[in-house]
Amino acid sequence: MLTSIKRSFRVLMLTFMFSMGMLNVNASHFAAADIIVDWIGTENNDLTYKITLIVYKACEGTNSFQSDLYPTEPIRIRSVNGSFDLTWTVSDSPEDTLDQLCDNFKAKNLCREPFTNPGPNWPGFVRRTYDTTITLPSRQTDWIFSWTDGTRNSLIKNLVGPGGQNIYVEAGINNVFAAGPIAFAPPYTLQNPVASTAGNPYSVNAQTGTATFTPTITGLFVLAFRCNEYQKGTGIPTGHVFRDVQLSILDCAANPPDIDSIPLNLTGGANISTSVQGNTVVTCPGSELKFDINASSKSTSNKVIMESNNSVTIPASTFTVINNGSSKATGTFIWTPTPNDIGDHTLIITAKDSTCNNTQPIVLKNYRVILIKVVKGIDAGPDVTICAADTTQLYARGGEGLILQWTPNEFMNDPTSIQPKVAPTKTTEYSVYAPQLGAGCKNRDEVLVIMDTSNKVVVFPDNPIILCRPDYLQLEAKTFGGPPLSNMVCGTGNAISSTPLGTVNISSLIAGDFDSIGGTTIYMPNDARSVKQQFLVRKAEMWASGFRSATIRSIGFETPKSPDPTYEYSNFKISVKCTNLTSLVASKGFETGLTQVYTAPGGVTMPIGMNQFTLDEPYNWDTTQNLIIEICYSENATANASGSSPVVKFVATNYPATLLLKSAGTATNVCAATTSTSIGTFFSRPLFTFTYNEAVPQPFPFVWSPSTFLSDSTIRQPLAYVPASTKYIVTSHGRSGCSMIDTADIYIPQHNYTVMPADTAICFNESSPMRTTGGGFTFKWYKINDKGEYEILSNTKESTCWDCANPVLRPMKTTIYKIAVYDSVWCIDTLTAKITVKPLPDIKILTRDTFVKYGQSLQLMASGARIYNWSPVGSLNNANTSYPIATPTERTEYIAGGIGANGCRAFDTVKVDIDFRDNLFVPSGFSPNNDGKNDVFKVANLTFQRVIEFRVFNRWGQEVFMANDNRGWDGAWKGEPQDMDTYTYNIKVGFPDGYIETYRGNTTLIR
């Protein structure tokens, strides 16, 4: 199809930057030429074009004022595919004279005053514009519009034999045309056609068309440029244009004005930098984009004028300048793009310093070329289905150079990348956000990464699997979803017919199906008598559409638009082939070796609707290769007028997926063609519909690992001996092709329980603290009773607890205990402990409980033990004998401890009471005559008692003696001996046990 070129290709601007003074740049002789082709038709089938040729010729020599530009020029129009080659005459408009001189020198350029001195420094040139209209006879992919003329200036330095070199320009539509290369004179090359400095070598920005360099040699040079145009989104070439420019580099001392390298005070957009496009301003429909650019002269006495091409390239915008004509000017650009402005726009801002003199006659210029991209916003792309544990790469279309933030960022390698890799563990929605994009843009989008769960394997028993000790375990892998299919060999042999017939649409990995008319549209051309098309379908696209290894029974496609539904295609054939090619390349031609699987029995028509072709030879697909589908028809009776071909419903691709070749002229069969310069390329293909018999299902395969101690590691239900905690992994795959994995986590706890003491002996009525070590979660203590049965220790007299780790036991007899120790998963181990209860010695104190007089001794006696020990020891003569002598001074309980031959100890006791009540003797008379006999009246036989009050009274009641002890009365009162008489006494006596007794009576004093 012929794709209209709606805009001129004149987007080229040359910017020259100088570091050691500016060398004037101008043209001499044939200075330049442009050819432009614009579609001016009123509807799709109107193939009317306007052709414009602009020729520039330099004024040189003594006859410089004679332009030698003719009133008409011949344009060559040709198409190999269309067998068309015609020379068409274009007419001119009035000639005009151009230069880049300052105003005060314009009248003296070489076109007007060729003999003016210093002439060569004041170059000029004339321009003529020619145009015409033509209606092309047919739609072709290789229309070329070209013009050539005359010899070039012989003074040009960078060409070999410039006087014999013609100037040549062309514009092409839907073709890539390579003109014969012009030979460069050494050291000049295609990459370096002008002598330039190392700091600023010659380079061309492919996005803006700006050539920059700092020249080092004066003279005449030629630069040729080609601009290619491509359809947005697909990359399909829609046209190209050449431009041929002659440059005069003059010896000048002045420098051009300075201009900002990036926009300042930018609002409503973002200035980004990419490796391909450099600095680019990105904005969105509805956002008011505004920024400033400053320009200043090299001297405050010079004047700077700023202007831009916005009125041509961006008509709805404004560019206003303040301080224009001063040494420093500021330009402000304002634009609010609409949805119709989505795409690239080139803004060129020019700063001119027109301060001139005799040695500096040209206007000094500097440029800032700003690429403005109006974008829809961020597109995270279609949802993606992946297998578990797989990684996929996301892509934020429209996010080039922008600050990006992906969320969530778990399992993502770089959340700020335009194409991060993710490996989610479950179906996850990812969101990408571009904060630099304004309100008119879609600055956020989402993509769902879907975990394919159509097939699943689950191990039985369910996890966790607990074995309390090494044991055998029956494992089983339960599968869900369709079983795997046998992978058929590509070709026509062994076709499957036993499985149900299915239908599938083979979509693209780029979202959306299309039936519109444009550069990517797939159609079945009927404007040629023979057409050959090959379509590449990638295996990933078939797999993503749900198609698996199968026998393809029919191939179809839908024609939603068919202007001539009765048109018959003759010798209609379909051929297929499995291939490892990932794209179709026109320069390499059609793929060969295909198998013809369908031949129409007669003419084929394509009315609106589905066109399904049942294959004569069903074809098998093996899932490992891509598929080429070829449709060819030949010797059609007629070739319809362009525009009557049916449109095929198609899908876009990001790779060349379609090759198209139409017969030209009287040719009627291109089916055997393999290469041609007329092969067209499309980044799209039909939305194919297959009917098929899927390959025969196969048993699920299984692989268990580790295979050690498994009865068979490749079956669904292996028997495993599990000696220790183990993780068995089973892998399989089903119809989805995803690897299915599940695990059997088998846990066998490792116990190292102990009980201490495990075997001990205690004496009767003693207790034994017990302790279990090695962990444990729950404990239960049992004893084996006389019947040999387990009896839980519920009796607190025998145990401080029955469900703890460390009870204190007090058995009444020798006992065997069983301790059940449970861990956290209720696995049980049983420990055994034995406590032997030894009998006590039969110790007895033979002495019965008794009384002794205070101060008297008593013989104690014990029997029944091997070793004795008495207490308390203070009143005993020997505490370590069986027969000690006790002399108690107070009431005492003696304990006899006896140790028997088995080491056990028993005790017996005896109580010894004290008789503190001995009879005291109070004399009934005394004779104080100093004969040493009975001279003093006092208490006789006083032993452990104490006299605490001693009073004597005469018959008249007078107290004649008082004391607090037993010193006694000597018969005197106040120093005078008393008469013989009877006297009364009152004596209080205290006993050791605290008892006080009073004695009253009479005693006789005898002289």
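Tutor: Buried means under 20% relative accessible area, exposed over 50%, and partly exposed in between, with a 1.4 Å probe and protein chains only. This is a predicted model, in which local features need pLDDT of at least 70, side-chain atom pairs count only at pLDDT 80 or more, and totals for chains, interfaces and linings use all residues. Residues are numbered from 1 along each chain as its sequence is written, and side-chain values use heavy atoms, with hydrogens and water left out.

Student: Which parts of the chain does the pair Cys 468 and Cys 827 link?

Tutor: The sulfur atoms of Cys 468 and Cys 827 lie 1.9 Å apart in a disulfide. Strands (E, at least two residues) are DSSP runs, numbered from the N terminus. The pair is 359 residues apart and links distant parts of the chain: Cys 468 is in the loop between strand 32 (465-466) and strand 33 (471-474), and Cys 827 is in the loop between strand 61 (815-822) and strand 62 (828-838).

Student: What is the handedness of the link between Cys 763 and Cys 904?

Tutor: Cys 763 and Cys 904 form a disulfide with sulfur atoms 2.2 Å apart. Cys 763 counts as buried at 7% relative accessibility, and Cys 904 counts as buried at 0%. The angle about the S-S bond is -100 degrees, and the link is left-handed.

Student: Is Cys 801 buried or exposed?

Tutor: Cys 801 is joined to Cys 804 by a disulfide, S to S 1.5 Å. Because its relative accessibility is 18%, Cys 801 counts as buried.

Student: Which strand gives the largest share of the lining of the largest cavity?

Tutor: A cavity is a set of points on a 1 Å grid over the protein atoms alone where a 1.4 Å probe fits but cannot get out, and lining residues have an atom within 4 Å of a point. The search finds 1 cavity of 30 Å³ or more. Its lining includes Asn 81, Gln 140 and Lys 662. The largest share, 3 residues, comes from strand 46 (residues 658-662).

Key
A disulfide is a pair of cysteine sulfur atoms within 2.5 Å. Helices (H or I, at least four residues) and strands (E, at least two) are DSSP runs, numbered from the N terminus. On a 1 Å grid over the protein atoms alone, a cavity is a set of points where a 1.4 Å probe fits but cannot get out, and a pocket is an open set with protein on both sides within 12 Å along at least five of seven lines; lining residues have an atom within 4 Å of a point. Grid points are joined across faces, edges and corners, and a volume is the space filled by probe spheres set on the points.
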